[in-house]
Amino acid sequence: MTGPADPPIRVFLSYAHADDVVLDFIEPFTKSLKHLAFADQGRTLEIFVDRETIGWGEDWRDGIRQGIESAAIFMPIVTRQYFERPSCREELLAFYNEAVRLRATGLILPVVLLGHSYLSTESTDVASRIIADRQYKDLKETWTDGSRSATWRRTMLALAAQLVEAVTIVEQSPSATPSLLSSEAGAAEVSDALKLFAKENEQTILGMKNALATLPTVLTTSAQLLTERSPSEIRRVLMETASELLPFGNNFRNQARILETTTLKTDQVLRSRSVELKDNDLHDQLENERKYLKSISLVTKPLSGAEEASNAFLAQMRPLEEMSASLRNSMRGFREGVKSLTSALRMMQNWAAIAD
């Protein structure tokens, strides 16, 4: 057991706020976890439940790096809705990349409440794969039984112990000291990553253009359906529209998810390279890196256009989706694809500041 002088452990809870309105989980969860961590393990927890109050500075990405270096825990509270929230995806992917770079992925402790069937190591959704790859804590039964149940006490006791153990492992590991890096090797790694990114980006933009090419026709149909028509004719046209849209939506989602995965890997390489340059005081190379990163951030322009067009399309299709289950199913690919596209764009838009 650790001693009373040990510093508090910071825990960053990432969750979809809309979930907690219904599930009423966060307050009893944080209260139990804090109490049991101290009562059983002798460690005080500081649990941050909002990004605005995280206390990691104005630049929360820098705060994430500092948090990992000081062995802070990132705890996503997962439901199916978690993957639909851009801020949740951004927090998960940012923390994951820093944790991979610092070899501290043990500091990611997912708690899964609902949506277990969505988690898979084979998923095309990189966020789903990250959670599935971790030894996540399944709290579905615990939440169902309630915070006064024996199930809740047993589970929370085990989770508190797991949390303290993860931090202790990092605290007891030798601190990594900056080593003189091989400039050629680092530059080659960045170059390879950017070549792959450029290739995937080009293919993704082409795939999205093909997927979005059908939108003018569909939107014309949408406008016509909102005029007075017979119920049977509306059903027929909706079925035809759903059948037409399904392959385009699936292709859009697949392309967007490939882009998100590739962007995540590129982001990891770029951030690692910039940190190494800073740690080794290679100012000239860092300045070159800074200029280059600002130039490649221009790639976001065509993708931002695709994101804007997609969101407009989704908004216009919403009334029709309410009229047809088959159309809602066909539109799912577009909706899921936009989430991944937005996630990738957020990472790219931060590249200009990586070397600052």
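The points below take up a helix, the nonpolar cores and the salt bridges in turn.

1. Please keep in mind throughout that this is a predicted model, and that residues are counted from 1 along the chain as its sequence is written.

2. Helix α10 covers residues 231–279, and its 49 residues should span 72 Å at 1.5 Å a residue; the C-alpha atoms at its ends lie 68 Å apart, which agrees with that expectation. The helix does carry a kink of about 35 degrees at Leu245, shortly before the proline Pro247. Just after α10, Asp281 adopts a positive phi of about 55 degrees.

3. The largest nonpolar core holds 56 residues, and those touching the most other members are Phe25, Phe29, Leu33, Ile73, Met75, Ile77 and Leu163. Helix α7 (residues 150–172) gives the most to this core, contributing eight residues. As for Leu33, its contacts beyond four places in sequence are Leu45, Ile47, Met75, Met156, Leu159, Ala160 and Leu163. There is also a second, separate core of 33 residues, with Ala193, Ala306, Met317 and Leu341 among them.

4. The model contains eleven salt bridges. In one of them the side chains of Arg89 and Asp125 meet at 2.7 Å, N to O, and this pair links distant parts of the chain, since Arg89 sits in helix α4 (residues 86–101) while Asp125, 36 residues apart from it, lies in the loop between β4 (111–112) and α5 (126–133).

5. Glu90 counts as buried because its relative accessibility is 12%, whereas Arg346, with a relative accessible area of 29%, is partly exposed.

6. A further salt bridge joins Arg257 and Glu336, with 3.3 Å between the closest N and O atoms. Arg257 belongs to helix α10 and Glu336 to helix α13, and the pair links parts of the chain 79 residues apart. Both Arg257 and Glu336 are buried.

Conventions
This is a predicted model: local features need pLDDT of at least 70, side-chain atom pairs count only at pLDDT 80 or more; totals for chains, interfaces and linings use all residues. Side-chain values use heavy atoms; hydrogens and water are left out. Helices (H or I, at least four residues) and strands (E, at least two) are DSSP runs, numbered from the N terminus. The expected span of a helix is 1.5 Å times one less than its number of residues. The bend at a residue is the angle between axes fitted to the seven residues ending there and the seven starting there. A nonpolar core is a set of buried Ala, Val, Leu, Ile, Met, Phe, Trp, Tyr and Cys residues joined through side-chain atoms within 4.5 Å. Buried means under 20% relative accessible area, exposed over 50%, partly exposed in between (1.4 Å probe, protein chains only). Contact means heavy atoms within 4.5 Å. A salt bridge is a side-chain nitrogen of Lys or Arg within 4 Å of a carboxyl oxygen of Asp or Glu.
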